[in-house]
Amino acid sequence: MARVLTPRAEDFPRWYQDLIAKAQLADNGPVRGTMVIRPAGYSIWERMQAEMDARIKTAGAENAYFPLFIPESYLKREADHVEGFSPELAVVTHGGGKQLAEPVVVRPTSETVIGEFMAKWVDSYRDLPLLLNQWANVVRWELRPRVFLRTSEFLWQEGHTAHATEADARDYARKILHEVYEDFMVGVLGIPVVVGRKTNRERFAGATSTYTLEGMMGDGKALQMGTSHELGQNFAKAFDITYSGASGGVEHAWTTSWGTSTRMLGGLIMSHGDDNGLRVPPRLAPIQAYVMVVKDGDGVAAAAHKLRDALRDAGVRVGLDDRVDTAFGRRAVDAELKGYPVRVEVGPRDLAAGNAVVVRRFDGSKTPVPVADVVGRVLAALDEDQQKLYDEALAFRQAHTVEVATLAEAIEASSTGWARVPWSAVGVDGEAEANGQGVTVRCLLRADGSVPDSQDEADLVAILGRSY
């Protein structure tokens, strides 16, 4: 198995590309920087969508859809926003064989177009909060593309809300940060994320505060897994999102935006993958248990079908592989690559002894189990291995994070992982120096690990590292 993929320790980027190809997750699209997400990869994204969507709706937001094309003039209304995105924009100048009177931008994000319609829909304080989300594609022209991590077009959800007060907006941005994003990433993806505040240098263009969730990948680099932003009244003033207050006065709303994307698929691969392929956390896996016929005959196929049905009846998402015309070894390798949490192998020899073999993807263990006990054993393995994947990733992050006292030490430590350093030892000038050496401040934390309200608070801790 080790040579199906380039070993991670030998060449991590090559391993990543090998895994995506061999596990049939995605392919490069015909236009540089685009990708084709194959069924094996898209089924995981669908599970991500379902889990996230349920949490977003529990937080009170409703799904809507807004146009792909945005008038160029919309972006120009918020100066920081257009400046931040202008290098990444795809602009359409012709349509229907004619030059357009005004160029349109293929959406890089939708603050501007949604702001335009929020202004139409909000009249009174009774219309607030307005809590919207959309599942869509966006385009940000990428110079150094990498499948799932940085592509010119990607899939995501983007939430946009309007509130009557700054406090309400801040509370909601943090509600999404913790109750939607952190809960999903920790509880379903099994990825331990550091939740903190972006520095002013790193915050979203046009935001007043950006909160982030940072995951450590298997090579020690950071991946920004999702962000939630307070936009203050910047977009409300640019798009005249106003409301009549209870006292009769007219005031500008306070807005937020927040998003996660198919980048999480890249994070999943790099956090949990090993030299045998992908390892999908059981709570996320489209197929949690994969029943495989080793060799037909002696009632094997019938027993496999019964096990499939019993697992399904127990609430397990289950697949069945009875392709005996394909060598079992090849099929087993494919199942390993795709990362199915548990395999149940049914063959004549084991079945004659009343057993099936339960194979756990987490550690590769193979255990003969009485057929009558298979469902219980699979359910237990799914619960145990969900936690084990998280614990393993957390232990890796802890082992590759060091406490340092100076910027120089932090930059040096970033060659193998993350550094925790007093923000006062870095500061704005030190952040610029670190950036010049390919190191970024991933986020700022309070000493107790909570999220600060400002980068100017005393005694903050900075997390520094190299990133994707």
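In which sense, left-handed or right-handed, does α2 pass α6 in their crossing? I opened my notebook with that. The model is a predicted one, and I kept that in mind throughout.

**Entry 1: the helix pair**

I looked up the two helices. Helix α2 covers residues 39-58, and helix α6 covers residues 166-187. General point for the page: two packed helices are described by the angle between their axes and the distance between the axes. Here the axes come within 9 Å and cross at roughly 150 degrees. Angles over 145 degrees count as roughly antiparallel, so I noted α2 and α6 as roughly antiparallel to each other. My opening question is settled too: the crossing of α2 past α6 is right-handed.

Next I listed who makes the contact. From α2 I wrote down Met48, Glu51, Met52, Arg55 and Ile56. From α6 I wrote down Glu179, Val180, Tyr181, Asp183 and Phe184.

**Entry 2: the open sheet**

I traced a sheet of five strands. It is open, its pairing is mixed, and its order is β16-β15-β17-β18-β19. The edges are β16 (318-321) and β19 (366-370), each of which pairs on one side only. From one strand to the next, the twist averages 25 degrees.

I then zoomed in on one pair. Strand β15 (residues 289-293) runs parallel to β16, and four bridges join them. Across that pair, I found Val291 opposite Leu320 of β16.

What lies across β15, β16 and β17? I found helix α10, residues 328-338, there. Strand β17 is 342-346, and α10 runs at about 175 degrees to β15.

Which residues of helix α14 are buried? In this helix, residues 427-435, I noted Gly427, Gly430, Glu431 and Ala434. Seen down the axis of α14, these buried residues fall within an arc of 105 degrees, so they line one face of the helix. I checked what covers them. The cover includes α13 (407-413), β22 (440-445) and β23 (461-465). Then I turned to the face pointing away from the buried side. It carries Val428 and Asp429, which are exposed.

A reminder to myself: most residues other than glycine have a negative phi, and most peptide bonds are trans. I looked for departures.

Gln24 is not a glycine, yet its phi is positive, about 60 degrees. I located Gln24 in the loop between α1 (12-22) and β1 (26-28). Gln24 is partly exposed, with a relative accessible area of 34%.

Phe148 also has a positive phi, about 75 degrees, and is not a glycine. I placed Phe148 in the loop between β7 and β8 (153-163). Is Phe148 buried or exposed? I read a relative accessible area of 2% for Phe148, and under 20% counts as buried, so Phe148 is buried.

The peptide bond from Leu128 to Pro129 is cis, and its omega is near 0 degrees. I found Pro129 in the loop between α5 (111-121) and β7 (130-139).

Last, I looked up Gln386. Its place is in helix α12, residues 374-399. Gln386 is buried, at a relative accessible area of 4%. Which residues does Gln386 touch? Leaving out residues up to four places away in sequence, I listed Gly187, Val188, Gly190, Pro281, Pro282 and Arg283.

Technical notes. Residues are numbered from 1 along each chain as its sequence is written. This is a predicted model: local features need pLDDT of at least 70, side-chain atom pairs count only at pLDDT 80 or more; totals for chains, interfaces and linings use all residues. Side-chain values use heavy atoms; hydrogens and water are left out. Two strands pair if DSSP finds at least two bridges between them. Axes are lines fitted to C-alpha atoms, for helices over the stretch in contact, and angles run from 0 to 180 degrees between N-to-C directions. Contact means heavy atoms within 4.5 Å. Buried means under 20% relative accessible area, exposed over 50%, partly exposed in between (1.4 Å probe, protein chains only). The arc is that of the directions from the helix axis to the C-beta atoms. Angles under 35 degrees count as roughly parallel, over 145 as roughly antiparallel, 65 to 115 as roughly perpendicular and the rest as oblique. A crossing is left-handed if the near helix is turned anticlockwise from the far one by less than a right angle, and right-handed if clockwise.
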